[in-house]
Amino acid sequence: MIAAPASGEGKTTVMLGLLRALTGRGMVVQPFKSGPDYIDPAFHRAASGRRSFNLDGWAMDGDMLDAIAGEAEGADIILAEGSMGLFDGVASIGATGNGASADIARRMGWPVVLVLDISGQAQSAAATALGFKLLDSGITLAGVILNRVASPRHERLARAGLDAAGIAVLGALPRRGDLVLPERHLGLVQAVEHPALDAAIADYAALLSEHADLDAICRAAATSGQAPSPDPADLPAPPAQRIAMARDAAFSFVYPHVLEGWRRAGAEILPFSPLADEAPAADADMVWLPGGYPELHAGTIAAAARFLDGLRAHAATRPVHGECGGYMVLGEALIDKAGEAHRMAGLLGLVTSHAQRRMHLGYRRAELLGPIAGMAAGTRLRGHEFHYSTIVQQGDEPLARVTDADGAVVAETGSRRGGVTGSYFHMIARDAAHILLGGAA
């Protein structure tokens, strides 16, 4: 588990660099991402050549976690990227934990490599590392990788403190202001949009190869025996047989384990691009609009007549569902950051605005008040919400009763009108004896 005391300490740089460096050695490396992140797995795949999957202790039960971990079958080593700080999660325990990366490391028996940003400190970094080593006896700290090291003297001082604390230093990365991936409001700019992603990852790999002990990192990896084989019954079940799925730069936030579960259950995924003005497949059983960045492409979507007409024609007889960004596109209008309103599909009475930005973030539990295609009313879901848009108008029946991780009522209930449904929450899994799904805006 590649983790850190907090966000912004360099986990992604280390993760991508290690993935490419070890792959370059001829190893088969299986990446995972701890937590409900829609963007990082695509970067992992670009760096390693293998699909990356999310693991989430709050939303996923043990069977699902084991099934997803089974995707590592045939790999030489597993690297999982943590989220936020190693022990950061929510206050309440969910399906198997509180959503912290530590939950996953503990359950899977994966030693932790802690990335420490030591800018502004030296020997004191050992106190941080020692605290992480001692806080939870169920976690094994393999060692640390020092990041943003200012000079050889700075490195010597930090190493002295860590040596005194008995903590292995697995690497020391010099400060490099040029090795920064661009970001936008939901995290990194998507992998498909990065103008020189492969070159950037190659630079990270060179940095790690030169300044980290790759052999020691590989030796530190625990041997946990044969990975469990994925059981299709433990992955998300499809809501329909033939699913037309919007997939392009505006609609890309779909959790990989969701698509894998649908495919393993025999569903067909029929991709189409609204940005290219493509209509959903005429013979699809349902249309699924994932989250993404429609607010960046609102004018293009509003002018995509074939897409919108095809979507409306489908909705006349068969189900349509939108998650977050997809939900916004199903509404009457989307107001962009500049305050300009763009006409959307008009299948729901929803108007959303990015001109009135406010962050909405957190785990969600939802009980459906109406069906989403093959998911019946009463189905309970676990998921996540992360968006900056606000609702200006919402005139339809609520889709679900929604609460946060602590049980507090959430006002964003989603909407339903006939067979058209949408929500801001992104389904990861079904609660208790139910199945789980995924997405974002």
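This is a predicted model: local features need pLDDT of at least 70, side-chain atom pairs count only at pLDDT 80 or more; totals for chains, interfaces and linings use all residues.
Residues are numbered from 1 along each chain as its sequence is written, and side-chain values use heavy atoms, with hydrogens and water left out.

**Exercise 1. Ser353**

Work out whether Ser353 is buried or exposed, and which residues it is in contact with.

*Solution.* 
- Step 1: Start with the location: Ser353 belongs to strand β16, residues 350–353. Strands (E, at least two residues) and helices (H or I, at least four) are DSSP runs, numbered from the N terminus.
- Step 2: Ser353 counts as buried because its relative accessibility is 1%. Buried means under 20% relative accessible area, exposed over 50%, and partly exposed in between, with a 1.4 Å probe and protein chains only.
- Step 3: Look for contacts, meaning heavy atoms within 4.5 Å. Leaving aside neighbours within four places in sequence, Ser353 touches Ile335, Tyr388, Ser389, Thr390 and Val392.
- Step 4: Check the side chain: one of its polar atoms lies 3.0 Å from the backbone nitrogen of Ala355.

**Exercise 2. Strands β18 and β23**

Find how many bridges join strand β18 to β23, and which residue of β23 is the bridge partner of Arg382.

*Solution.* 
- Step 1: Strand β18 covers residues 380–387, and four bridges join it to β23 in an antiparallel arrangement. Two strands pair if DSSP finds at least two bridges between them.
- Step 2: The partner of Arg382 in β23 is Ala429.
- Step 3: Turn to burial: in β23 (residues 426–430), five of the five residues are buried.

**Exercise 3. Salt bridges**

*Solution.* 
- Step 1: Set the rule: a salt bridge is a side-chain nitrogen of Lys or Arg within 4 Å of a carboxyl oxygen of Asp or Glu. The structure holds 23 of these salt bridges.
- Step 2: Arg364 meets Glu385 at 2.9 Å, N to O.
- Step 3: Arg401 pairs with Glu367, with 3.4 Å between the closest N and O atoms.
- Step 4: Glu367 is partly exposed, at 30% relative accessible area.

Key: A polar contact is a pair of N or O atoms within 3.5 Å; within protein, one must be able to donate a hydrogen and the other to accept it, and residues adjacent in sequence count only if both atoms are side-chain atoms.
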